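Have a look at the structure first.

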Amino acid sequence: MEKIFPQLKGIGIDYKWTGNFLLTYSRMPQFGSFADNIYYLQGYSGHGVTCTHLAGKLLAEALSGHAERFDAFADLTHVTFPGGRILRFRLRRWVRRTTTCAINSQFNPKKIQKHH
């Protein structure tokens, strides 16, 4: 981290976030509904911080009876992952292993200190 942001030298990390994200095959978010009162908004492909603001606005519009913009996203075809579940889970396992190896080679967890 200090290689990229040298001005942070000596600054400790108090909190970190890690987790999975939903990468859609088309890289477009998936919006839709299962019923009149069950909606979903998913698959921001790593851009959720910015896209969820728009998604929330479009969902609010749909809930208030103005669903045109929400429907524009909901009408997009949801492309399934090529290879189905078997290849998807194998690829996910491979990505986790390679990502973990890359992260472990760059960062030494013992160097992460908590400042109070």
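## Salt bridge, core and cavity

Searching the whole structure turns up one salt bridge, meaning a side-chain nitrogen of Lys or Arg within 4 Å of a carboxyl oxygen of Asp or Glu. This is a predicted model, so local features need pLDDT of at least 70 and side-chain atom pairs count only at pLDDT 80 or more, while totals for chains, interfaces and linings use all residues. Residues are numbered from 1 along each chain as its sequence is written, and side-chain values use heavy atoms, with hydrogens and water left out.

The partners in the salt bridge are E61 and R69, at 3.0 Å from N to O. Side chains of opposite charge can pair when their charged atoms come close. The table gives relative accessible areas for both partners and two other residues; buried means under 20%, exposed over 50% and partly exposed in between, using a 1.4 Å probe and protein chains only.

| Residue | Relative accessible area | Class |
|---|---|---|
| E61 | 18% | buried |
| R69 | 40% | partly exposed |
| Q30 | 13% | buried |
| F21 | 54% | exposed |

Now for the largest nonpolar core, where buried Ala, Val, Leu, Ile, Met, Phe, Trp, Tyr and Cys residues are joined through side-chain atoms within 4.5 Å. Its seven residues are F31, Y44, A55, L58, L59, A62 and F70. Helix α1 (residues 48–63) supplies the largest share of this core, four residues; helices here are DSSP runs of H or I with at least four residues, strands are E runs of at least two, and both are numbered from the N terminus. Leaving out residues up to four places away in sequence, A62 touches A67 and F70, with contact meaning heavy atoms within 4.5 Å.

F21 sits in the segment before β1. Its C-alpha atom is 7.9 Å from that of Y44, 23 residues apart along the chain. F21 also touches S45 and G46, again not counting residues up to four places away in sequence.

What about enclosed space? There is one cavity of 30 Å³ or more, a cavity being a set of points on a 1 Å grid over the protein atoms alone where a 1.4 Å probe fits but cannot get out. The largest cavity holds about 60 Å³, its volume being the space filled by probe spheres set on the points, which are joined across faces, edges and corners. Lining residues, those with an atom within 4 Å of a point, include T24, Q30 and H78. Q30 lies in strand β1 (residues 30–35), and its contacts beyond four places in sequence include T24 and H78.

Methods. On a 1 Å grid over the protein atoms alone, a cavity is a set of points where a 1.4 Å probe fits but cannot get out, and a pocket is an open set with protein on both sides within 12 Å along at least five of seven lines; lining residues have an atom within 4 Å of a point.
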